[in-house]
Every structure is written in structure tokens, then in C-alpha cells.
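Subject: Structure for your review

Dear colleague,

Please find the structure below, handed over for your review. My findings follow it.

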Amino acid sequence: MYRDCRWKAAIGSGFFLGCSAFLACSNQRPNAVEHVVIILKENHTFDNYFGTFPGADGVTAGLTSIGAVPLTPIPDADQAPVCNSWDCAIEAMNAGEMNKFDLISSGLSAYTQANEQQIPNYWQYARHFVLADRYFTSVHGPSLPNHFFTLAAQSGGTIDNVSGTSGGVACDGTPSGTVTVIDANGNRTEQSPCFDFMTLADRLEATGLSWKYYIDGGGGTLALIRHIRNGPMWTNTQHSSAQFLQDAQSGQLPAMSWVIPPYMESEHPPNSICAGENQTTQFVNAVMQGPAWNSAVVFITYDDFGGFYDHVVPPQVDRDGMGPRVPLLIISPFAKPRYVSHTLYEHSSMLKFVETLYHLPSLTARDAAASDMLDSFDFNQPSQPPLVLPSQHCP
């Protein structure tokens, strides 16, 4: 980015034009950001949460295999069975027709939509900060491969979650289930859920930048990375979501935080949407009320589509995806106010933002090609104030 600015300045017509071009471009670098937080929720699409948001590309009806249907109100604790596996995602997307979500769910259970009254705080964040309506999951599949992408801009070939309780060996050497892995030729095998590839945590560690992975129970997806599970970085994964609240309020936030909410507050059906939003609000309030707010960027997004309908065709950039759209909120004093970004983003884009911020090399072709997300920021604007919100009374 910096080199591009110098090049543009060099070809400007005259010294002053070139210098001005360089300054205008270089001032868009996120130098003031010292803390990045990714809050990763579960299983909702953009149309499912923000299909009626003003100025965003959303719909209130969806295509099925036999016609069009309205998106009906989603229950707070949705009990309807839907499928979000690799094969179900491919079937639902139907080569870009986006019209077979009914075939992967019970009846029309995929065709639902929340309104503003159900998720008022998320809508408040969207109205004050940034909502992205072209943010796609990195993999047309479920949680595990997409969680890998938020850490490493790849999935190691995994296409589904770990299944079973035997047949494989975890990275700590204990018996485990297996996970489906696909190779470059499309061949599938069942393998032990233990991989070894570079992550953003490795890049941060090598540069001396602090990071923590907050998840109740410790480890999470990073437990499936051999050199992390069996090396000194493992201690950075032993932090609960409650610890995140303490760190944010006490000024102990690292440069990079991944926050994985407790399952009951993840919004994964059939868990309460309201309870999940309340948990997210606590996380964001802790950052806003702590000393890190004036140098923070908080990303709130969803790991996968959860089987719910979305009408926008995902670009197919490689074997893994992309998968259906999910919501992304960008909350920061530097976020453009009341801005809906239409720029193509995916999970790897959050890594690209961090790599741009800290001058880190790319991990894979995915984050190398991803947007750095700087179109959603204005680092020259007056800082946006905190927006501390109350918890909601849940049904």
C-alpha cells in the first residue's frame, strides 16, 4: 500500500501534486489502530438478519426449487432443522441460481428473517458504524473450515466439522473423531483432526505482537494446529470470554483478539438470538468503556450461513468457495459513520486488514487477493464516540 502511494506521487504532474497525492494516500493507512478484535458468531446469513436494512442489498422473499416465497419471521430460538454442510451449501447455491435452500431444510425453515426489533443493537451498530453487504463466508460449508480461514486464510482442505469420537487422533495425541478433507482433484478422505499450517498468530508472534484467542474451555480451533497445540503459543489460547471482558475494561487487550462466544450465546440455532446479541453487546461495551476504544477496530461476523437463505451469488474463486453471505459489522472510532460497504469481503479480508496494519506477509493466495477493507474507514475524520448499548429483555 505504502509503495503504491509513493509510485502515484512520483508520476504526479509536478512536485506539489505528487506530494499531495502521497500524503492523501498515506494518511489512509491505519496507523492509529493498536487493537483488532474479531468476534465470531454462528450460522446466520445477511438476508436472515439485515435483509430489510436501508441502503443494503437485501430481500424479503426468496427463491425455492419451485418458485418464490416470502421470508417469514424467525423465532428467537429457532428449532427448525437446516443443513449447512459442504454438500448442502453447494446444493442450495445450485451453480449460482440460489434457489434450492428448501431442499436442504425442513420445509421452508431456511426462508426466515429477523426484524430490527429482534436485533436492535446490531441495527444500532449498523446505523452508526459500518455494515458490509458483500461479506461472504470463505468456504461453502460449516463452522470448522471457516474458523480455519479466520485464523489462516485456508482450511487445510477440510470441508466439514469433526465427526464421530473415534478413528482419528487429536493434536495432543488423544483419540478423536475424523474430519473430511478434499484434495486438489476433489477426492475425499477421512483424516485425524490435526493439521500444521501457518496462522496469523504465527505471524504476530514472530513480529513480537501480542495476541489472544478467547474461548471458554481453551484452545478451540487452534487446538487442531499441531505446532500451536504442542508449543509455547498454546498458553495464548487459554483465555475465556469472561477474561476478554476483564482485559478490555482493564487495558490489557492484546494487539489481536479472537473472541469465540460461549455456545449458548453464539446465536447458533436453536440458541436464543436475543441472548447472543446481549453477549455481543457486553463484549463491545467492554471495549468502548475501556482505554483501548480510541485505537480499536471490532469486527463482528458469522462463521457460516447456517443453512439460511441468501439471494446474492457468491463468487467462486477456488475449490473452497466462497460460500453464502453473512453479516459483518465494523465498529471503530475510525469506521465511516452510517456506511454500507458494497466491497467484496470474506473471512480472509480481516486477516488482510491486520497484515496491512502491521506490515505482515500474506499467508495464502486468499488473503493476498482479499480486500484490505480500508474503504470502510476514514482515519482523518473526528473519532466516533462510543455507543454503549443496554442489554435487551429476551423472550
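Is the crossing of α6 and α11 left-handed or right-handed? The crossing of these two helices is right-handed. Please note that the model is a predicted one.

Helix packing

Two packed helices are described by the angle between their axes and the distance between the axes. For helix α6 (residues 143-152) and helix α11 (residues 347-358), the axes come within 7 Å and cross at roughly 15°. An angle under 35 degrees counts as roughly parallel, and α6 is therefore roughly parallel to α11. On the α6 side, the contact is made by Asn146, Phe149, Thr150, Leu151 and Ala152. Helix α11 contributes His347, Ser348, Met350 and Leu351.

A second pair consists of helix α9 (residues 241-250) and helix α10 (residues 273-288), whose axes are 7 Å apart and pack at an angle of about 20°. These helices, α9 and α10, are therefore also roughly parallel to each other. Here α9 passes α10 in a left-handed crossing. The residues of α9 that take part are Ser241, Phe244, Leu245, Ala248 and Gln249; they meet Gln282, Phe283, Ala286 and Val287 of α10.

Aromatic pairs

A search of the whole structure returned 21 aromatic pairs. One of them joins Tyr49 and Tyr302, an edge-to-face pair with 5.5 Å from centre to centre and 85° between the planes. Because Tyr49 belongs to helix α3 (residues 46-50) and Tyr302 to strand β13 (residues 296-302), this pair ties together parts that are 253 residues apart in sequence. Tyr49 has a relative accessibility of 0% and so counts as buried. Tyr302 is likewise buried, at a relative accessible area of 2%.

Another pair is formed by Phe377 and Phe379: their ring centres are 5.5 Å apart and their planes lie at 10°, so the pair is stacked. Both Phe377 and Phe379 are buried. These two residues also belong to a cluster in which ring pairs link them with Phe299, Phe334 and Phe353.

Charges over rings

Two further contacts place a charged residue over an aromatic ring. The charged end of Arg229 sits over the ring of Trp234, at 4.3 Å from the ring's centre. Lys336 lies over the face of Tyr339, and the distance to that ring centre is 4.8 Å.

Yours sincerely

How values were computed
Residues numbered from 1 in each chain as written. Predicted model: local features only at pLDDT ≥ 70, side-chain atom pairs only at ≥ 80, totals over all residues. Heavy atoms only, no water. Phe/Tyr/Trp six-rings, centres within 6.5 Å; stacked < 30°, edge-to-face > 60°. Helix = DSSP H or I, 4+ residues; strand = E, 2+ residues; numbered from the N terminus. Buried < 20%, exposed > 50% of the residue type's maximum accessible area, 1.4 Å probe, protein only. Lys NZ or Arg CZ within 6 Å of the ring centre and 35° of its normal. Axes fitted to C-alpha atoms, helices over the stretch in contact; angles between N-to-C directions. Parallel < 35°, antiparallel > 145°, perpendicular 65-115°, else oblique. Left-handed = near helix turned anticlockwise from the far one by under 90°. Contact = heavy atoms within 4.5 Å.
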